[in-house]
Amino acid sequence: MHGAYHGEYKVPGGKLVVVDLDAEDGVLRNVRVAGDFFLEPDEAILAIDRALEGAPVDTDASALATRIDAALPPGTQMFGLTSEGVGVAVRRALAHATDWTDYDWQLIHEPPQSPALHMALDEVITTEVAAGRRPPTLRVWEWGAPAVVIGSFQSLRNEVDPEAAERHGIQVVRRISGGGAMFIEPGNTITYSLSVPDALVQGLSFTDSYAYLDDWVLGALGDMGIRAWYQPLNDIATDAGKIAGAAQKRMVTGHGAVLHHVTMAYDIDADKMTEVLRIGREKLSDKGTKSAKKRVDPLRRQTGLPRETVIERMIASFRSRYGLSEGHVTEDELTRAKQLAETKFGTAEWTGRVP
């Protein structure tokens with residue numbers, strides 16, 4: 001590995017870190033760290049550069065951060081910057097990672113679809129991004145029916161009470177990503193997917209990619225007066241409680257792509273949810289609460305805005321940051337998604353693949 005490299009990384013909830021460096025004979029040379037962060041004392045920036053100088057090019061972000069921490073002057077103060085963030089910027093430079101603004105983003109926001117078709121559209125659209133036939137896409141979902149969406153590896157019988165689901169007319173579908181069950185009611189839920197090229201998350205660990213791909217929505221919520229943060233591994237939380245959960249699936253076909261989808265609670269019928277979902281005591285204790293009703297705090301109460309307005313402001317926030325043109329599901333994509341919904345996502349075999 002030889003040559004000059006440039007990498008950028010916005011620390012989640014913080015500032016932009018920019019790294020320029022050379023790779024020579026398997027080590028880092030001529031490292032220069034910059035950005036719009038705040039750092040005291042001034043000489044700390046030179047200490048960071050020196051700490052990275054000579055590091056093997058295969059050093060991971062955590063080990064780079066350890067080198068930086070050991071070299072910082074006593075009493076160093078970082079604002080909008082972390083040692084780990086610098087390490088990530090270095091890894092992204094060496095991986096030739098792209099940035100959000102390198103792409104022409106497309107928005108899909110279409111009329112309500114069935115739960116099984118939504119599962120299929122996620123797979124088809126992300127596969128098209130991986131193949132280079134579709135630009136990176138933000139898809140905002142509209143639900144055609146209430147549903148429980150279980151994670152790829154969850155046990156159907158352990159997660160859902162089938163009698164309660166049938167009584168309330170709730171469909172159960174299984175998605176291609178991992179994570180936990182989501183309780184969906186059309187007017188009470190905001191769901192979106194990001195289908196992005198693998199290059200956008202190059203140099204990021206699996207955990208870091210969640211924070212990176214969630215960062216724009218934290219800004220959008222902040223614009224609406226909600227102080228929200230990423231809570232590892234896959235939650236978005238506020239002082240009032242969890243408001244969203246995310247999940248990812250990596251596509252290895254073509255040039256590679258990542259599906260990152262998020263379900264946000266605009267409002268919630270907590271009594272119905274706890275009837276339908278078998279939420280275990282272990283999960284509740286892990287969240288530090290005794291009641292499932294207290295685990296999720298809806299956006300309706302926190303924003304005071306209609307659901308449609310929250311969605312409009314989220315889209316406007318994304319567009320202002322990265323640009324966003326109107327798009328649609330193509331006829332070919334829809335045909336393929338309908339076939340997948342019929343042969344895979346709408347079948348008992350797929351939904352019950354982990355009984």
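1. A strand here is a DSSP run of E of at least two residues, numbered from the N terminus. With that in hand, strand S14 gives the largest share of the lining of the largest pocket, six residues. Please keep in mind that this is a predicted model.

2. Arg175 deserves a look of its own. You will find Arg175 in the loop between strands S9 (171-174) and S10 (182-184). Arg175 is buried but has no salt bridge, and Asp122, the nearest side chain of opposite charge, is 7.8 Å away. A salt bridge would need a distance within 4 Å.

3. What does the side chain of Arg175 meet instead? One partner is the side chain of Ser177, in a polar contact of 2.9 Å. A polar atom of the Arg175 side chain also lies 2.8 Å from the backbone oxygen of Gly178.

4. Now for the backbone. The Glu40 to Pro41 peptide bond is cis, with omega near -5°, and Pro41 sits in the loop between strand S4 (38-40) and helix H1 (44-52). The bond from Pro232 to Leu233 is cis too, with omega near 0°.

Conventions:
Residues numbered from 1 in each chain as written. Predicted model: local features only at pLDDT ≥ 70, side-chain atom pairs only at ≥ 80, totals over all residues. Heavy atoms only, no water. Helix = DSSP H or I, 4+ residues; strand = E, 2+ residues; numbered from the N terminus. Buried < 20%, exposed > 50% of the residue type's maximum accessible area, 1.4 Å probe, protein only. Lys, Arg positive; Asp, Glu negative; His and termini not counted. Polar contact = N/O pair within 3.5 Å; in protein donor to acceptor, adjacent residues only side chain to side chain.
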